Amino acid sequence: MHKVVQPKILYFGTSVVLISTMNDDGTPNLSPMSSAWWLNQSCMLGMSRKSKTVQNLIRERECVLSLPSVDLIPAVDRLTLLTGSNPVPDSKAQRGYRYEADKFGVAGLTPLPSLIVQAPRVKECPVQLEAKLVKLHAFEEPSSLVAIEVRIEKIHIEEELLVTGNSNYIDPAKWNPMIMNFCEYFGLSEQLSASKLAPVFGPDPVK
């Protein structure tokens with residue numbers, strides 16, 4: 001039997017993303033989020049316009065999206081309830097956020113230079129995506145939420161994740177992304193079944 005409910009938040013399982021941007025003083029900011037979905041060479045990010053990350057993204061018009069695997073849960077958790085905004089906005093202070101300037105250091109993560117954007121990549125993440133801002137879309141007005149459209153310009157993948165013999169495809173059996181499901185961390189289980197889509201969008205068979 002189904003029941004009508006009203007949860008505080010709807011988070012039906014999406015990949016965790018570490019977004020790195022550049023602050024106006026030239027230092028990097030790093031923020032975890034999980035309201036992201038992907039289509040072709042683009043990504044849509046859901047965040048609050050009040051966040052330091054979004055303010056940086058609007059100003060610099062570029063970022064890096066680094067996707068952690070499940071082994072980085074402790075590092076991501078150390079970034080939770082931190083903000084690069086000083087002073088801390090009242091809405092975040094009420095939820096227990098505190099200001100932190102060196103988020104890479106606190107998380108124990110390593111910044112790597114990017115190729116075409118100023119924001120650094122996260123060395124420990126096996127997937128690193130350099131992106132440029134396309135457009136901000138108002139969302140649930142009059143709230144501060146925005147849907148941020150970015151285009152992926154450079155894709156960095158840990159070699160161990162690639163399909164053997166084909167350097168342009170990720171082997172899903174080797175990739176275990178960190179998933180945020182209703183504000184709790186999850187990974188992936190083993191493959192349950194083959195998909196008819198795999199031959200269509202995956203690598204061509206080795207001849």
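# A walk around helix α1

T53 is buried, with a relative accessible area of 2%; here buried means under 20% relative accessible area, exposed means over 50% and partly exposed is in between (1.4 Å probe, protein chains only). This is a predicted model, in which local features need pLDDT of at least 70 and side-chain atom pairs count only at pLDDT 80 or more, while totals for chains, interfaces and linings use all residues. Residues are numbered from 1 along each chain as its sequence is written, and side-chain values use heavy atoms, with hydrogens and water left out.

Let's stay with T53 for a moment. T53 sits in helix α1, which covers residues 52–60. Helices (H or I, at least four residues) and strands (E, at least two) are DSSP runs, numbered from the N terminus. The side chain of T53 has a polar contact of 3.2 Å with the side chain of N29. A polar contact is a pair of N or O atoms within 3.5 Å; within protein, one must be able to donate a hydrogen and the other to accept it, and residues adjacent in sequence count only if both atoms are side-chain atoms. Leaving out residues up to four places away in sequence, T53 touches I19, T21, N29, S31 and M47, where contact means heavy atoms within 4.5 Å.

Now look at the rest of the helix. Its buried residues are K52, T53, V54, N56 and L57. The buried residues of α1 pack against β2 (17–22), β3 (28–33), β5 (42–48), β6 (62–67), β11 (127–138) and β12 (145–157).

The side chain of T21 makes a polar contact of 3.0 Å with the side chain of N56, one of the buried residues of α1. Beyond its neighbours within four places in sequence, T21 is in contact with several residues, among them T53, N56 and L57, and also with A119. M22 and A119 are 97 residues apart in sequence, yet their C-alpha atoms are 5.4 Å apart in space. The contacts of M22, again not counting residues up to four places away, include N56, R59 and E60, as well as Q118, A119 and P120.

R59 and E60 have something going on between themselves: their side chains meet in a salt bridge (3.0 Å, N to O). A salt bridge is a side-chain nitrogen of Lys or Arg within 4 Å of a carboxyl oxygen of Asp or Glu. R59 is partly exposed at 37% relative accessibility, and E60 is partly exposed at 31%. A search of the whole structure finds two salt bridges. E100 and R98 also pair up in a salt bridge, at 3.4 Å, N to O; E100 counts as buried at 16%, whereas R98 is partly exposed at 46%.

Most residues other than glycine have a negative phi, and most peptide bonds are trans. R61, which follows α1, has a positive phi near 65 degrees; R61 is in the loop between α1 and β6 and is partly exposed at 41%. N40 has a positive phi as well, near 55 degrees. N40 lies in the loop between β4 (36–39) and β5, and it is exposed at 73%. As for cis peptide bonds, one joins N86 and P87, with omega about 5 degrees, and P87 is in the loop between β7 (82–83) and α3 (90–93). Another cis peptide bond joins E141 and P142, with omega about 10 degrees; P142 is in the loop between β11 and β12.

Finally, step back to the whole chain. The chain has five helices and 16 strands, and 36% of its 207 residues count as buried. Its C-alpha atoms fill a box of roughly 60 × 55 × 30 Å, taken along the principal axes. Of the contacts in the chain with a separation of 6 or more, 58% are between residues 24 or more positions apart.
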